[in-house]
Every structure is written in C-alpha cells, then in structure tokens.
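Here is a short walk through one structure. It starts with a packed pair of helices and then turns to aromatic rings.

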Amino acid sequence: MDGERRTDAGLLTIGAFARASRLSPKALRLYDELGLLTPARVDPVSGYRHYAPAQLARARLVAWLRRLGMPLARIREVCELPPAAAAGAVAAYWERVEADTAARRDLAAFLVDQLSRTREHPEMTEPHTALTMRCAALTDRGLVRTAHQDAAYAGPRLLAVADGYGAGGGPAAAAAIEQLKAVEEMDLTAVDPLTALEEAAHRANRAAAPSGDAATGSTLTALLRAGSQLALVHVGDSRAYVLRDSGLFRITHDHSLVQSLVDEGRLTPEEVPGHPQRALLLRSLDGGPAFAPDLQLLQARPGERYLLCTDGLSAVAPPEAVQDVLTTAADPAQAVRDLVALAHAAGAPDNIACVVADLVAVGETAQG
C-alpha cells in the first residue's frame, strides 16, 4: 500500500482507517477523545492519528454497535469484554431495546387513543362535561419501616400521593398535599387548571423545605379534575396510571438516578430493585429554587380508572398484578385495599400510599 494509505511503520492513516472501518474521521476523533478507540500512534509534530490494522476489528464492532443505537458508555464496556461476554451484553441490550420499544408502542397507543377520542368527540374538551370521581385513598406503614412517611389524599376533584424522605419526610409529604387542597375550592372555569396546579405545587415545594441542614423532602404526584380535563403535576418517583379499555398505561416518568440509567441503556429494569442507589431522586420537593415539576393536561372519559401510588407499591408489585387488581376490584375502596395487600404479599419493605379514582358520568348508578 502506498505511503498515503500506510505509514512506514505499517500503520493506517486516519483517512484509510476511516474507509476500512466505515467510520468517519470525525467519529474517529470523537472516539479517541472518549478513550473508546485510541490511535496506535499520534505524530508529535503534526498531530496526525495513525491506526494499526489490528484495530479494525474493534472499530467495526463500534460501528455496528452504534448502528444498534447503543450508547457510547455501554459500547466502551462491551468492547472491553471477551467475545462470549460481549455477545451476552449485546443480547441483553437488544432485549432492553425491544422492551423499551414495546413500552413506547403502548404509550403511542395511549396517545392515539387520547387524540382520537378528542377528534371524534370534541364535546369532551368542554369544561362543563358532566363527569365526577368516585375515589379512595389508603396508606400503610409496610412490614419493615418503623416510620411512616407517605401521604395520600382523595377529594372531590383532587387526587394526590407524596413520599417523604429524610428526618422530616413525613411532615414534608403531609405539608405538600395540604398546600394542594386549596385548588379544590377554586373556580376552575375561570382559571387554567394546569396553571392553578403548578402554582400550588410551587407552594408545596416551599412547604416541604427542610429545616436546618437536614436532607428532607418529598415526591408529589397529583391529578386535578376540571370538567373533562385532568391536570397532572409530578415530581419524583411516585407514579400515575390510567386503566381504560385499551389497557393500563403509566402516565408519569420517574425522576430518579436509576431511571436515568435505564433511559441511557446502562441499566435494565430488572437490575433496578437491587441497585444501591435505587432511592436517589434527581428531582423532588426540597424547597430549592430549581423546582421543575412535569405538567400534563389529559382528557378524561367515563369508565377510566386512575391510580396514583408511591414506590412502596410500584417497586414491588408487577404491572400485570396491578392491572389485575384494578380490573377486578368492584370499587376504588376495594382496589386500594387489594393494592396494599399486593404490596404486603411482596414483603412491603417500604411505606405504601395509593389512590384509586373512577371517572363516571354524573347521575350514573353507583357500582358495588
């Protein structure tokens, strides 16, 4: 090979190596900076990178893994493994991709259903649609914890759960929900329900501020009904679900370290329960000025059943078991009792809080 393609030492120039590996010179420079694919030699004068032909196998593996969409951090780990272990890692990654795709497919189905109902039944967007809620709330200390720091509320128009942490976690959770209750008394035909709920959440954040240097705070997940609309506010790793004829959908995203690792492909959902930092939150009610909750506005319809719960339930109960309880329970009161029993059957290592609400048309005959 001529000197333009090979150096005297038999190394490939970055251009030749890029063509052989199907990686661009720009990508090769990035992988060098990340320590993923370090050149065999860098000219001390010109700074030109040169690669050994033996590095082509690793470069092609990197290219293939990038085509799979694997994050660079995970690619670095796979490249350091022996072939059999690397094969297992790729198989595990792709299994996770397929699971994520299935979850996104479910979310897409939820959104299609949500938008289709709005298009086909525009009257459902009117604020005076005659809907009401039948709801129940229940908290439980669990079977391991000595303190009870979860809180729950189910009112005529407001549903909320909070999971406190730190020395003052219990009072922080209770104070957060107390701040939200004022929105039930507001005329939501005159104000935007999402704005009202967001302002209440900021008051809740201030109310949950720790005293002194204590690391205290709380999660918060709440729904506010305004006609046929449901305003959702969410921060932390408590969750909200909706059960409708097309299935059970989670409508919140955890603000936790382990969820961020799952999102990046560095952790599988199966590894989450055993992770030493499973309880570490990236966002919460902590009194800080950077408080930024998730906000959504949903269209509700009769027949839907909503669940709000803390991780004392969601971390131990499989989604299939939760869906089974929500599908079979005669009414919300029975549902929350059965959900707490489900957590107890799994060992109930944490406090539990759950709220279940049925959306029903005004005047509909009560069931159960």
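Helices α6 and α7 are roughly antiparallel to each other, because their angle falls in the class over 145 degrees. The model is a predicted one, in which local features need pLDDT of at least 70 and side-chain atom pairs count only at pLDDT 80 or more, while totals for chains, interfaces and linings use all residues. Residues are numbered from 1 along each chain as its sequence is written, and side-chain values use heavy atoms, leaving out hydrogens and water.

Two packed helices are described by the angle between their axes and the distance between the axes. Helix α6 covers residues 169-180 and helix α7 residues 193-207; their axes come within 8 Å and cross at roughly 150 degrees. The axes are lines fitted to C-alpha atoms over the stretch in contact, with angles from 0 to 180 degrees between N-to-C directions. Helices here are DSSP runs (H or I) of at least four residues, and strands (E) of at least two, numbered from the N terminus.

On the α6 side, A175, A176, Q179 and L180 make the contact (heavy atoms within 4.5 Å). On the α7 side, the residues are L197, A200, A201, R203, A204 and A207. By class, this contact has 8 nonpolar, 1 polar and 1 charged residues.

The structure also holds 1 aromatic pair (ring centres within 6.5 Å). F17 and Y51 are stacked (planes under 30 degrees apart), at 4.3 Å centre to centre and 10 degrees between the planes. F17 lies in helix α1 (residues 14-21) and Y51 in strand β3 (residues 49-51), so the pair ties together parts 34 residues apart in sequence.

How values were computed: Phe/Tyr/Trp six-rings, centres within 6.5 Å; stacked < 30°, edge-to-face > 60°. Parallel < 35°, antiparallel > 145°, perpendicular 65-115°, else oblique. Nonpolar A, V, L, I, M, F, W, Y, C, P; charged D, E, K, R; others polar.
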